[in-house]
Amino acid sequence: MNPKSTMSSRSQERNALTNFNGSDLTKGDFAGVTAHKGQFKGSALSRSDFSGANLTGSTFKGSDVRAANFDGANLTDCRLTALDLTNASFNKTILVRTSIGSSRLEGAKFTGVRLTDVSLTMTDLRKTIFEDCLFDGVDFKSSDLSGKRFDGQTFIGVKFEKAELTDVSFKGAILKNVSFQPGFTLTKKYYRMIKTICFDGATMDKLTFAMLKGMDANLSNVTVI
């Protein structure tokens, strides 16, 4: 048999095993599987179990992923777009260069997660739960974070460009090189929004402090490092 033909056949077989586009996989069992560059477009995945799975480079788009379990899963370089992730669980999930955009995340819970270079854009995060998380290089561009409590959590190199931040709380949080620039000309409305943010007991570097001070944020009980 032609070696090239054999390699091509094996490649096609691997592709078939990771293509789940348009599939009904409700309550699917993917726990512990390895599915690099998997395709989950237009699929029914509600209550599916992806715990401990290695899904590096996979794409989820336009799918129902409600109440899915991603605990301990590896979502490095994954793209999650226009999904319903209501009540999904992300406990100690590996999120590195993961992109999540234009998706429903009500009740979705991120626990004990280090989000590294993650993009959470154009998404309503008001009812998303973040507990004991570290945000490293995260981009919240154009997302709604109104009323979120990030108390005691750590933010390094995070961008809140064009994000809605009314009544957000960073009590006791650590902020280093965090940008609150609006991405457009500063307006009175934006200044008013910044003033609603609670930084009570927070610790931040001099650059972040200077930026917020220039926006008239309430920094009366902040420690500068």
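This is a predicted model: local features need pLDDT of at least 70, side-chain atom pairs count only at pLDDT 80 or more; totals for chains, interfaces and linings use all residues.
Let me start with a term: a residue is called buried under 20% relative accessible area, exposed over 50%, and partly exposed in between. Aspartate 117 sits in the loop between β8 (114–116) and β9 (119–121). Its phi is positive, near 55°, and it is not a glycine. For background, most residues other than glycine have a negative phi.

Lysine 92 is another case. Lysine 92 has a positive phi of about 55° and is not a glycine either. This lysine lies in the loop between β4 (89–91) and β5. With a relative accessible area of 59%, lysine 92 is exposed.

Now the sheet. In what order do the seven strands of the open sheet run? The order is β5-β8-β11-β12-β13-β14-β15, and the pairing is parallel. At the edges are β5 (95–96) and β15 (223–224), each of which pairs on one side only. Inside that order, β12 (residues 154–156) and β13 (residues 174–176) are joined by three bridges in the parallel sense. Phenylalanine 155 has leucine 175 in β13 as its bridge partner.

In soluble globular proteins, nonpolar side chains tend to be buried together. Here the largest nonpolar core has 61 residues, and those touching the most other members are Phe70, Phe160, Phe170, Phe180 and Phe199. Which helix gives the most to this core? That is α2 (residues 188–195), with three residues. As for phenylalanine 70, its contacts beyond four places in sequence include Phe50, Ser51, Leu55, Phe60 and Val65.

Serine 51 is in the loop between β1 and β2 (59–61). Beyond its neighbours within four places in sequence, serine 51 is in contact with Ala31, Gly32, Asn69, Phe70 and Asp71. The side chain of serine 51 also makes a polar contact of 2.7 Å with the side chain of aspartate 49.

Back to helix α2. Its residues Tyr190, Met193 and Ile194 are buried. Viewed down the axis of α2, the buried residues fall within an arc of 100°, so they line one face of the helix. Lys188, Lys189 and Arg192, on the other side of α2, are exposed. The cover over the buried residues of α2 includes α3 (206–214).

Helix α3 has something at each end. After α3 comes aspartate 216, with a positive phi near 65°.

Last, the aromatic rings. A pair of rings is described by the distance of the centres and the angle of the planes. There are 28 aromatic pairs in the model. In one of them, phenylalanine 20 and phenylalanine 30 have ring centres 5.5 Å apart and planes at 80°; an angle over 60 counts as edge-to-face, so this pair is edge-to-face. Both phenylalanine 20 and phenylalanine 30 lie in the loop between α1 (3–17) and β1 (39–41), 10 residues apart. Phenylalanine 20 has 17% relative accessibility and so counts as buried. Phenylalanine 30 is buried too, at 10%.

Phenylalanine 155 and phenylalanine 160 form a tilted pair, 6.2 Å centre to centre with 45° between the planes. Phenylalanine 155 and phenylalanine 160 are both buried.

Technical notes: Residues are numbered from 1 along each chain as its sequence is written. Side-chain values use heavy atoms; hydrogens and water are left out. A nonpolar core is a set of buried Ala, Val, Leu, Ile, Met, Phe, Trp, Tyr and Cys residues joined through side-chain atoms within 4.5 Å. Buried means under 20% relative accessible area, exposed over 50%, partly exposed in between (1.4 Å probe, protein chains only). Helices (H or I, at least four residues) and strands (E, at least two) are DSSP runs, numbered from the N terminus. Contact means heavy atoms within 4.5 Å. The arc is that of the directions from the helix axis to the C-beta atoms. Rings of Phe, Tyr and Trp (its six-membered ring) pair if their centres lie within 6.5 Å; planes under 30 degrees apart count as stacked, over 60 as edge-to-face and the rest as tilted. A polar contact is a pair of N or O atoms within 3.5 Å; within protein, one must be able to donate a hydrogen and the other to accept it, and residues adjacent in sequence count only if both atoms are side-chain atoms. Two strands pair if DSSP finds at least two bridges between them.
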